[in-house]
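Morning, everyone. Please bring the structure up on your screens, and I will walk you through it.

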Amino acid sequence: MTITLIKFMESLRETGDDIWLPTPALIENQWHEKVQYTVSIPDVNIPFGSTFPVEFWMAPMAKGLKLGAITIEVREKHNLKIAASAAYSAHCGVNFFTSAEEYTIFSERYDAGNYVMLGSELLNVEWRVEKTVCLPRGFEACTQSVDSKNINICHMLAFTIELHNENGSLSKIQGTFPINIFMSPRTISKNAVVHILDLQQFQADRNAGPPLYGNHIADLLLSENPHTYEYHAGGPTITPLDTSSVEYRELCSVPSYETAMNTTRAI
């Protein structure tokens, strides 16, 4: 008699945004001396539930070659390895239980008539196409990338480019990018609601510098937690601040640039 037990587990591991530096990926190749092509994505690290662009550039080298449909897929592979109990291992001679599954979490086919052609002075000899990939926002439809001793979940971006030859035959160019899907507080709130965020906007926000001096606001630490901290050998002493006092209002306010500069000169 065989007894099978299944338990669904949900594990969310949030990764700090500051350690992710943009890592663009590019595939550049020549296919059978018929077409020169490049396929690129702005980053291989993709926030969960976000959108990101895939750009195609192709220059036909054979006469009569026409661009056909483009298919983009995001595939998710699960590899599990769990140690068997000592009793089961001794009785059956099995040391590990393994499982390997693959899912397609995004698939879109773009016909030739649906292309968004980017500006080019050489439209007769080159094609430029950009398409957007939208990752699923449901935790049941997509899982973050994981690489651990027992669980490995990896993701792959796959593309297929169809080419129509002059004699009427169909050719295909296929390739893949390994990508890493990670959890970000910018796309997932505390109540597990996933918000749509474009990868390029995510990168722009992450690389943005501090606000101009005049755009600074009150110190949120003081505004939300009005206490003073005094550190000594026995540990910190916390003293509540009088929020109605002039001193507290001065601490929470930001002086004008002129006032700050005059104060600095006076010192």
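Start at E33, which is exposed at a relative accessible area of 62%. For these labels, buried means under 20% relative accessible area, exposed means over 50%, and partly exposed is in between, with a 1.4 Å probe and protein chains only. E33 lies in the loop between β1 and β2. Its phi is near 55 degrees, a positive value in a residue other than glycine. H32 is in the loop between β1 and β2 as well. Phi of H32 is near 50 degrees, again positive in a residue that is not glycine. H32 is exposed, with a relative accessible area of 62%.

A word on the ground rules. This is a predicted model, so local features need pLDDT of at least 70 and side-chain atom pairs count only at pLDDT 80 or more, while totals for chains, interfaces and linings use all residues. Residues are numbered from 1 along each chain as its sequence is written, and side-chain values use heavy atoms, with hydrogens and water left out.

Now the overall picture. The chain has 5 helices and 12 strands. Those are DSSP runs numbered from the N terminus: helices are H or I with at least four residues, strands are E with at least two. Of the 267 residues, 32% count as buried. The accessible surface of the chain is about 17,600 Å², and 54% of that belongs to carbon and sulfur atoms. Areas come from the Shrake-Rupley method with a 1.4 Å probe; for residues, only the protein chains shown count as cover. What about contacts, meaning heavy atoms within 4.5 Å? Of those with a separation of 6 or more, 63% are between residues 24 or more positions apart.

Next, the inside. How many residues are in the largest nonpolar core? There are 38. A nonpolar core here is a set of buried Ala, Val, Leu, Ile, Met, Phe, Trp, Tyr and Cys residues joined through side-chain atoms within 4.5 Å. F56, L157 and I161 have the most contacts inside this core. The elements that give two or more residues to it include β1 (25–31), β2 (35–41), β5 (66–83) and β9 (151–164).

Take L157. Leave aside its neighbours within four places in sequence. L157 is then in contact with residues including I41, F52, V54, V133 and F177.

Now find T160, in strand β9. T160 counts as buried, at 16% relative accessibility. Its side chain joins that of Q174 in a polar contact of 3.5 Å. A polar contact is a pair of N or O atoms within 3.5 Å; within protein, one must be able to donate a hydrogen and the other to accept it, and residues adjacent in sequence count only if both atoms are side-chain atoms. Not counting residues up to four places away in sequence, T160 touches A69, I70, T71, K172, I173 and Q174.

On to charges. How many salt bridges are there? The count is 4. The rule is a side-chain nitrogen of Lys or Arg within 4 Å of a carboxyl oxygen of Asp or Glu.

One of them joins E162 and R109, at 2.9 Å from N to O. That pair links distant parts of the chain: E162 is in strand β9, R109 is in strand β6, and they are 53 residues apart. E162 is buried, with a relative accessible area of 9%. R109 is partly exposed at 46%. R109, D111 and E162 are linked in a network of salt bridges.

Another is E73 with R75, where the closest N and O atoms are 3.0 Å apart. R75 is partly exposed at 27%. R128 also pairs with E126, with closest N and O atoms 3.3 Å apart. R128 is partly exposed, at 27% relative accessibility, whereas E126 is buried at 9%.

Two last stops. I82, Y88 and F97 make a nonpolar surface patch of about 290 Å². Patches use residues with over 30% relative accessible area and no salt bridge; like charges are joined within 9 Å, and nonpolar side chains (Val, Leu, Ile, Met, Phe, Trp, Tyr) within 5 Å. I82 is in strand β5.

Finally, Q201, in helix α2 (residues 199–207). Q201 is partly exposed, at 40% relative accessible area. Its C-alpha atom is separated by 9.8 Å from that of T51, 150 residues apart along the chain.

Note on methods:
Contact means heavy atoms within 4.5 Å.
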